[in-house]
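This briefing concerns side-chain contacts between aromatic rings and between charged groups. Please consult the sequence and the structure shown here alongside the points that follow.

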Amino acid sequence: ELIPKCRTCRRQVREQSGEADHHEGMSSDDELTPTEVDEFQKSRDNVLEDSRKVFEDVHADFCDIRKILLKFQEWKEKFPDSYCDAYISFCLPKLLNPLIRVQLISWNPLEQNLTELEEMPWFRAIEEFSDAENVSES
């Protein structure tokens, strides 16, 4: 009973204020006020700014996925036994996880100008590394 009364009250408020951007059938519970939108945007901007600083004191060879994977590829080619004994294929996901997560912070799958995961540089680097591993194994 409470929910229909709340909806009725919100509808009456919208009608009195002349709000025309509400679409019937959409929940007004999900609508954000301009203040909430501004707060969210500021919070999002702060997170994105902080994410740019995460690897600023890391040597370039160790914060670029492609360069990291090249080092592992060299290891595999020069010392295949120790590479195999180290179970690198099991370690790489945990190693690359923080680097990928930082790159995905700003990714929003609901945006219209969406960059597909397969088009992202980190994805292509991993794909090339996987292809190189499959070629060398065969």
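Glu128 has a relative accessible area of 45% and is therefore partly exposed. The model is a predicted one. Glu128 takes part in a salt bridge with Arg66, one of two salt bridges found in a search of the whole structure. The structure also holds four aromatic pairs.

**Salt bridge between helices**

- In the bridge between Arg66 and Glu128, the closest N and O atoms are 2.5 Å apart.
- Arg66 belongs to helix α3 (residues 65–78) and Glu128 to helix α6 (residues 121–137), so this pair ties together parts that are 62 residues apart in sequence.
- Arg66 is partly exposed, at 34% relative accessibility.

**Salt bridge within a helix**

- Glu49 and Arg52 form a salt bridge whose closest N and O atoms are 3.1 Å apart.
- Both residues lie in helix α2 (residues 34–53), separated by three residues, or about one turn of the helix.
- Arg52 is exposed because its relative accessible area, 57%, is over 50%.
- Glu49, at 37% relative accessibility, counts as partly exposed.

**Aromatic contacts**

- Among the aromatic pairs is that of Trp75 and Tyr83, which is edge-to-face, with 5.5 Å centre to centre and 85° between the planes.
- Tyr83 is buried at 5% relative accessibility, whereas Trp75 is partly exposed at 28%.
- The ring centres of Trp122 and Phe123 are 5.8 Å apart and their planes stand at 75°, so this pair is edge-to-face.
- Trp122 is buried, with a relative accessible area of 11%, while Phe123 is partly exposed at 26%.
- One aromatic cluster is formed by Phe72, Trp75 and Tyr83.

How values were computed
Residues numbered from 1 in each chain as written. Predicted model: local features only at pLDDT ≥ 70, side-chain atom pairs only at ≥ 80, totals over all residues. Heavy atoms only, no water. Phe/Tyr/Trp six-rings, centres within 6.5 Å; stacked < 30°, edge-to-face > 60°. Buried < 20%, exposed > 50% of the residue type's maximum accessible area, 1.4 Å probe, protein only. Salt bridge = Lys/Arg side-chain N within 4 Å of Asp/Glu carboxyl O. Helix = DSSP H or I, 4+ residues; strand = E, 2+ residues; numbered from the N terminus.
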